[in-house]
Amino acid sequence: MAKKFYVVWAGRETGVFNDWAYTKKLVDKFPQAKYKSFPTQQEAQQAYAAGNHSTAPTTKVAKTKPVKSGTALSPANSELDVHIYCDGACDPNPGESGSGVAVYRNGALTQLWYGLYNAQGTNNTAELNALYQSLLIARDELAQGQTVQILCDSQYAINCVTNWAFGWKSNGWKKKTGEIKNLAIIQQAHETYCSMEKDITVSHVKAHMGIEGNELADRMAVLGRVRQDTEFCRYIEELNIEQILNFQAG
């Protein structure tokens, strides 16, 4: 049976999902649930972004086999004010790299950032740079009284900054198996993370699964690589989500 994608406009969690079993839990017995299935990710994303749920059924949609991942496409905590998606891109790897960030406030896209071009970068350094910049943005948001979640698709970057670094630091920034690669950026990011560890949520998000924020961060990372911007630049053109999603992907 062909894979389907499910849009939930009103349920225990909203967004685009690829697992009916999970989606069913979000809408089953939820008062005035609004949801609908779509044959492609693009159609589902566009429908969710448009917010047009007037034709969405409140009855059960056709049951399909769950996708192997068995997880929701969006782990964003809707109770928080700001969601910051970050991503890195490198082609080839190692090779030319760039980083990107997408910032949402109250569920709406408000900022895109791109840059940090490195002619001799790696995917890991690009991901770490993106996470570090996200932490800097988060710090500013927290100072304004906002609640913040960072969503990163690199388990490596998340673990380096929020997990492994504690042990490395206590051991004099050394590890038994050899040198710590990308140490400088890890140290910067870890120090920033520690300054607000109790006030911020850092979550892993699956890459290339049609999650709007992750996809936009990916497009910005590639844009930074293509434009070869060594600074981290705010995208000042129109925030036309559909148009930007048609940019080159990483």
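## Overall architecture

The protein has 7 helices and 9 strands, where helices (H or I, at least four residues) and strands (E, at least two) are DSSP runs numbered from the N terminus. This is a predicted model, in which local features need pLDDT of at least 70 and side-chain atom pairs count only at pLDDT 80 or more, while totals for chains, interfaces and linings use all residues. Residues are numbered from 1 along each chain as its sequence is written, and side-chain values use heavy atoms, with hydrogens and water left out.

Of the 250 residues of the protein, 47% count as buried; buried means under 20% relative accessible area, exposed over 50%, and partly exposed in between, with a 1.4 Å probe and protein chains only. Among contacts (heavy atoms within 4.5 Å) between residues at least 6 apart in sequence, 69% join residues at least 24 apart.

Strand β7, residues 148–152, is mostly covered, with 5 of its 5 residues buried. Val-148, Ile-150 and Cys-152 point one way from the strand, whereas Gln-149 and Leu-151 point the other way. In a regular strand the side chains alternate between the two faces of the sheet.

Strand β4 (residues 82–91) pairs with β7 in the parallel sense over 5 bridges, and Cys-86 stands opposite Cys-152 in β7. Strands β7 and β8 also pair in the parallel sense over 5 bridges, with Gln-149 opposite Thr-201 in β8. Two strands are taken to pair if DSSP finds at least two bridges between them.

## Helix α5

Helix α5 covers residues 183–194 and reaches 16 Å from its first C-alpha to its last, close to the 16 Å expected at 1.5 Å a residue; the expected span is 1.5 Å times one less than the number of residues. Within α5, Ile-185, Ile-186, Ala-189, His-190, Thr-192 and Tyr-193 are buried. These residues lie on the same side of α5 because they cover an arc of only 165° around the axis, the arc being that of the directions from the helix axis to the C-beta atoms.

On the other side of α5, Ala-184 and Glu-191 are exposed. The buried residues of α5 pack against α3 (123–143), α4 (155–170) and β8 (200–204).

## Two buried polar residues

Ser-99 is found in strand β5 (residues 95–105) and is buried, with a relative accessible area of 0%. A polar atom of the Ser-99 side chain lies 2.7 Å from the backbone oxygen of Ala-126. Leaving out residues up to four places away in sequence, Ser-99 touches several others, including Asp-87, Trp-113, Leu-116, Asn-129 and Phe-232.

Asp-218, in helix α6 (residues 212–227), counts as buried at 2% relative accessibility. A polar atom of the Asp-218 side chain lies 3.0 Å from the backbone nitrogen of Gly-250. Beyond its neighbours within four places in sequence, Asp-218 is in contact with Asp-87, His-208, Ala-249 and Gly-250.

## Backbone details

The peptide bond from Asp-91 to Pro-92 is cis, with omega near -10°, and the bond from Asn-93 to Pro-94 is cis, with omega near 0°. Pro-92 has its place in the loop between β4 and β5, and Pro-94 lies in the loop between β4 and β5 as well.

Leu-116, which is not a glycine, has a positive phi of about 60°; Leu-116 lies in strand β6 (residues 108–121) and is buried, with a relative accessible area of 18%. Phi of Asn-182 is near 60°, a positive value in a residue other than glycine; Asn-182 is found in the loop between α4 and α5 and is partly exposed, with a relative accessible area of 23%.

Notes. A polar contact is a pair of N or O atoms within 3.5 Å; within protein, one must be able to donate a hydrogen and the other to accept it, and residues adjacent in sequence count only if both atoms are side-chain atoms.
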